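Open the model in your viewer and keep the selection panel at hand.

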Amino acid sequence: MNAVAILAVVSKGIALAQTLIEAGQSAAPAIKALAELLSGGQAEVTEEQLNETEKTLDALLAEFNAPLPEQDPPADPPPGGGQ
Amino acid sequence: MRIFAKMAVVLLLGMGVLALPACSTVSEVTGAVTAALQPRPNPISRTDLYNIENSITIAVAGLAAYRRACLRGQADANCRANIEKLQVYTRKMPPALASLRKFVKENNQVSAITAYNALKDLVAQFTAQRQALGVT
């Protein structure tokens, strides 16, 4: 495997790790909340907790549901076609 | 029985978010949301609402991360098309959630169950679409 191929694999791994970390950071409070509730550590959900969860979920849905920005058009070929 | 179902959901959620690669996270977590919505609790309490909302939050957190990676050019080649197809379903979630929240908080159980079933169907459709797209 040449250096360029290795670099591509490493780069892809870093991108994947970044995505995982972002997903984990956003999801962590929800996981913790579910775990606490189901472990019996909390008897009743408070209004504040419910509102906080709803606020987080609404923000995430708004982010995902936003229209995707326009893609940049492909760059024009250089004069002479690069030949 | 309900406790066992909840325990299974937590295990699924934990595995989906913490142990799998990013694309699989979307897959596993949305599957977990489907599991979280079955069987339907009766009556639907504030705690049930809290559980459902947290489960969907975990799934949407994975999708939001997928979208960010896509915009950075770090996701798969079909990510834009995949996101737009999934948005058909996720854009129906806010009004469905708003109805469920309203009815649960008013303790209008008949309407809450209807809203719950509508949300459950929506999540099932969303999961099927995600599988059809191969966002796994």
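A residue counts as partly exposed when its relative accessible area lies between the cut-offs of under 20% for buried and over 50% for exposed. By that rule A:Glu63, with a relative accessible area of 25%, is partly exposed. Please remember along the way that this is a predicted model.

**Stop 1: the face between the chains**

Colour chain A and chain B separately, then select the residues in contact.

Next, look for polar links across the interface. There are 14 residue pairs in polar contact between chain B and chain A, with both residues of each pair at pLDDT 80 or more.

**Stop 2: the salt bridges**

Show the charged side chains. The structure holds seven salt bridges over all chains, and the count between chain B and chain A is five.

Begin with A:Glu47 and B:Arg46, whose closest N and O atoms are 2.6 Å apart in a salt bridge. This pair crosses between chains, running from helix 2 (residues 47-65) of chain A to helix 3 of chain B. A:Glu47 has 37% relative accessibility and so counts as partly exposed. B:Arg46, at 25%, is partly exposed too.

Move on to A:Glu63 and B:Arg68, a salt bridge with its closest N and O atoms 2.7 Å apart. A:Glu63 lies in helix 2 of chain A and B:Arg68 in helix 3 of chain B, so here again the pair joins two chains. B:Arg68 is partly exposed because its relative accessible area is 23%.

Now select A:Glu54 and B:Arg101, which form a salt bridge with the closest N and O atoms 3.5 Å apart. Since A:Glu54 sits in helix 2 of chain A and B:Arg101 in helix 5 of chain B, this pair joins two chains. Are these two residues buried or exposed? Both A:Glu54 and B:Arg101 are buried.

**Stop 3: helix 6 of chain B**

Finally, select residues 109-133 of chain B, which make up helix 6. This helix has 25 residues and reaches 36 Å from its first C-alpha to its last, close to the 36 Å expected at 1.5 Å a residue. Colour its buried residues, which include B:Ala112, B:Ala115, B:Tyr116, B:Leu119, B:Leu122, B:Val123, B:Phe126 and B:Arg130. As you look down the helix, bear in mind that an α-helix has 3.6 residues a turn, so residues three or four places apart point the same way.

Conventions. Residues numbered from 1 in each chain as written. Chains lettered and ligands numbered in written order. Predicted model: local features only at pLDDT ≥ 70, side-chain atom pairs only at ≥ 80, totals over all residues. Heavy atoms only, no water. Salt bridge = Lys/Arg side-chain N within 4 Å of Asp/Glu carboxyl O. Polar contact = N/O pair within 3.5 Å; in protein donor to acceptor, adjacent residues only side chain to side chain. Helix = DSSP H or I, 4+ residues; strand = E, 2+ residues; numbered from the N terminus. Buried < 20%, exposed > 50% of the residue type's maximum accessible area, 1.4 Å probe, protein only. Expected span 1.5 Å × (residues − 1).
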